[in-house]
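Hi,

Here is the structure I said I'd pass on.

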Amino acid sequence: MKRLTVPAIRARKVEGVTAEPIVMLTAYTARQAQLLDPHCDMLLVGDSLGQVIYGLPSTIPVTLDMMANHAAAVVRGSYHSVVVVDMPFGAYEASPEAAFEAAATLLKASNAAAVKLEGGAAMAETVAFLVQRGIPVMGHVGLTPQAVNVLGGYGARGRSDAEADKIVSDAKALCDAGAFAIVVEGVVEPIAIAVTEAVSCPTIGIGASAQCDGQVLVTEDMLGMFERVPRFVKRYEDMAGLISRTAETYATEVRERSFPGPDQTYQPK
Ligand code: KIV
Ligand code: NA
């Protein structure tokens, strides 16, 4: 199977209609990427790895080095999905030039296909600057976790008319600037639908609507690795329980000296 391309993803939406929804999950490691890759169209090396992998309180402290290293692992572990890498907070907001340098660093280190950045109309100039210079960009509007200190939390966006209008115009500005797709996160459903209808590029929903052109989730959330997850997460499995039970069984067997057994020990010929 040949690796999908950014233009192929963009072309899924034809005259406002996406017949086959785009499937996206986060991946941070090579093995995780291997397992998810056959089922996905895109893998996102999200800066959510700050919380999920590193135990940080938010995505704010995530560095370019962290993103580059995990992105390289995910590209090595996948052969089919388009790999998109999050630009970490602080690496791209100051200027289009700063953003280009950060994005080029990420793509050179990893061979990923595209970057994602948060923000609306204020980032449109940067999106155009990158796309014109060979770097595909995915946008991200609505609940943008890097702006947690401005937003004041992780609650759903678009509940007031003014906020709703701004989310739609932000998405339009990103799409007009050349973004190939836009993540729409944590918005009330009518806004997710309005954005999806307003822009010609695909929308990827998370806490948004099944009417979006695709969906993304944090894989560890989907797998049930965490007790506390946002309302929009569906926990498809109980991985946390599985890991705890397995560790408990191992600990018991070590303590009663039943592991290693005959199958796991070497004997002289
Ligand atoms: O960092 C991340 O995982 C993301 C997705 C949740 C969209 O940005
Ligand atoms: Na992110």
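Predicted model: local features only at pLDDT ≥ 70, side-chain atom pairs only at ≥ 80, totals over all residues.

Which of its residues are buried? Met-67, Ala-68, His-70, Ala-71, Val-74 and Val-75 are. Those buried residues pack against helix 2 (30-36), strand 4 (42-45), helix 3 (49-52), strand 5 (82-86) and helix 5 (96-110).

Now the annotated site. An unreviewed UniProt entry puts the feature "binding site" at Asp-47, Ser-48, Asp-86 and Lys-116. They span 70 residues in sequence, but no two of their C-alpha atoms are more than 12.5 Å apart, so they gather at one spot.

I looked at two of these a bit further. Asp-86 sits in strand 5. With 20 or more other C-beta atoms within 10 Å as the cut-off for buried, Asp-86 counts as buried because it has 29. Neighbours within four places in sequence aside, Asp-86 is in contact with Val-45, Gly-46, Asp-47, Met-67 and Lys-116. Met-67 is one of the buried residues of helix 4.

Lys-116 belongs to strand 6 (residues 114-116), and is buried too, with 23 other C-beta atoms within 10 Å. Not counting residues up to four places away in sequence, Lys-116 touches Leu-44, Val-84, Asp-86, Met-87, Met-138, His-140 and Val-183.

Cheers

Technical notes:
Residues numbered from 1 in each chain as written. Chains lettered and ligands numbered in written order. Buried ≥ 20, exposed ≤ 12 C-beta atoms within 10 Å, placed from the backbone. Helix = DSSP H or I, 4+ residues; strand = E, 2+ residues; numbered from the N terminus. Contact = placed C-beta atoms within 7 Å. UniProt positions renumbered as here; feature names shortened; annotations may be inferred.
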